[in-house]
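Hi,

Here is the model I promised to pass on. Have a look at it first, and then read my notes below.

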Amino acid sequence: MKNLFQEAEHCLKISDPQEKIAYGMEVVSDWNATNLEWDCSDSPRIINSPGHLDKPIIVPPNKLKKRGFGSQQQIASLLHALAHIEITAVNLAWDSICRYPGMPQEYYDDWINTAKDEGEHFLALRQQIKLLGYDYGDFPAHAELWNMAIQTADNLMHRMGIVHRVLEARALDVVPFAVQKFQTIKSGDTAKVLIRIANDEVNHVAAGTRWYRYCCEKEKVDPDKTFFKLIKQYLNSYPRGPFNESSRASAGFSKNEITLLKYYDAEHKQNRQS
Ligand SMILES: [Fe+2]
Ligand SMILES: [Fe+2]
């Protein structure tokens with residue numbers, strides 16, 4: 001019988017995104033058909049550099065050109081940035097499986113479903129990029145999301161709290177604006193892709209919340225207080241609003257957390273004005 005952790009490691013190591021996603025979909029089917037063993041004393045599989053083709057080239061975030069809606073190229077560049085986040089999220093999901101053996105079955109269900117969604121998001125965005133005459137790999141990209149995944153990797157609570165509840169949660173706030181923008185410029189198909197992404201991301205952030213709280217409970221720490229402590233520790237500044245409060249509530253943010261996010265955002269704006 002094939003082993004879930006071995007298969008997840010294999011997915012991580014595949015360089016070509018199309019192949020990575022195709023192989024991943026087979027793993028998802030095998031998991032859903034209970035054809036994979038997982039309840040075993042597997043050691044963590046640490047893959048700090050997932051497979052990656054020569055393109056896109058990876059640059060620091062400040063070296064990326066400003067994106068926008070001014071030209072086809074700028075739009076393609078914007079979709080490319082999103083596609084790069086999606087393929088990174090595919091790697092993140094497989095990494096969340098093979099790096100952390102010994103979790104409950106529901107944990108693996110969550111990240112298997114996420115790997116499937118993120119793969120579909122990547123493919124849908126790549127198609128939109130191609131319709132504009134470009135392809136994935138044609139623009140540079142940055143590796144901030146993956147770097148944060150590695151920085152937090154030694155502690156599952158930190159990984160879930162920061163990577164999913166801060167970085168991925170940002171999509172809940174900003175993707176709806178991108179949807180509106182694409183609707184305004186009459187790119188209805190791209191808007192549809194982004195609406196699907198926005199809906200799925202709520203489930204991924206909810207999975208992050210679920211396992212973040214699971215770790216907090218195990219370590220007997222207060223999840224809300226710890227969340228803001230971790231943000232300070234890893235990012236040194238709190239997320240900026242406006243926040244999509246209903247999506248964040250659906251993704252498991254407590255009322256207290258949303259109130260605090262808004263409070264820190266207002267404080268930041270006030271400090272900037274004074
Ligand atoms: Fe996604
Ligand atoms: Fe996601």
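So, what does the secondary structure of the chain come to? It comes to eleven helices and two strands, where helices (H or I, at least four residues) and strands (E, at least two) are DSSP runs numbered from the N terminus. The order along the sequence is β-α-α-β-α-α-α-α-α-α-α-α-α. With a radius of gyration of 19 Å, close to the 19 Å from the globule rule for 274 residues, the chain is as compact as a globular protein of that length. That radius is taken over C-alpha atoms, and the rule is 2.2 Å times the number of residues to the power 0.38.

Before the details, some housekeeping. This is a predicted model, in which local features need pLDDT of at least 70 and side-chain atom pairs count only at pLDDT 80 or more, while totals for chains, interfaces and linings use all residues. Residues are numbered from 1 along each chain as its sequence is written, and chains are lettered from A and ligands numbered from 1 in the order in which they are written.

**Overall**

The C-alpha trace spans about 55 × 45 × 30 Å along its principal axes. Of the 274 residues, 37% count as buried; that label needs 20 or more other C-beta atoms within 10 Å of a residue's own, exposed means 12 or fewer, partly exposed is in between, and C-beta atoms are placed from the backbone. Looking at contacts between residues at least 6 apart in sequence, 77% join residues at least 24 apart. A contact here means C-beta atoms, placed from the backbone, within 7 Å.

**Helix α1 and its cover**

Helix α1 (residues 4-13) is largely enclosed by the rest of the structure, because seven of its ten residues are buried. They are Leu 4, Phe 5, Glu 7, Ala 8, Glu 9, Cys 11 and Leu 12. What covers them includes β1 (2-3), α2 (17-32), β2 (36-37), α3 (72-98) and α4 (105-131).

How do the axes of α1 and α3 cross? They come within 8 Å and cross at roughly 150 degrees, which makes α1 roughly antiparallel to α3. For reference, axes are lines fitted to C-alpha atoms, for helices over the stretch in contact, with angles from 0 to 180 degrees between N-to-C directions. Under 35 degrees counts as roughly parallel, over 145 as roughly antiparallel, 65 to 115 as roughly perpendicular, and the rest as oblique. The crossing of α1 and α3 is left-handed, a term for the near helix being turned anticlockwise from the far one by less than a right angle (clockwise would be right-handed).

On the α1 side, Leu 4, Phe 5, Ala 8, Glu 9, Cys 11 and Leu 12 meet Asn 91, Trp 94, Asp 95, Ile 97 and Cys 98 of α3. By class, the residues of this contact are eight nonpolar, one polar and two charged. Nonpolar covers Ala, Val, Leu, Ile, Met, Phe, Trp, Tyr, Cys and Pro, charged covers Asp, Glu, Lys and Arg, and the others, Gly among them, are polar.

**α4 against α8**

The axes of α4 and α8 come within 10 Å and cross at roughly 160 degrees, so these two helices are roughly antiparallel to each other. Their crossing is left-handed. Among the residues making the contact are Asp 110, Asp 117 and His 121 of α4, with Asp 200, His 204 and Arg 210 of α8. The contact of α4 with α8 has seven nonpolar, five polar and five charged residues.

Glu 168 is buried, with 21 C-beta neighbours inside 10 Å. Leaving out residues up to four places away in sequence, Glu 168 touches Val 163, Glu 201, His 204, Val 205 and Gly 208.

**Backbone spots to check**

- The Lys 55 to Pro 56 peptide bond is cis, with omega near 0 degrees, and Pro 56 is in the loop between β2 and α3.
- Gly 241 and Pro 242 are also joined by a cis peptide bond, omega about 0 degrees; Pro 242 is in the loop between α9 (223-235) and α10 (245-250).
- Lys 186 has a positive phi, near 60 degrees, though not a glycine. Lys 186 is in the loop between α7 (170-184) and α8 (188-218) and counts as exposed, with 8 C-beta neighbours inside 10 Å.
- Lys 220 has a positive phi near 55 degrees; this residue is in the loop between α8 and α9 and is exposed, with 6 other C-beta atoms within 10 Å.

Cheers

Conventions. Contact = placed C-beta atoms within 7 Å.
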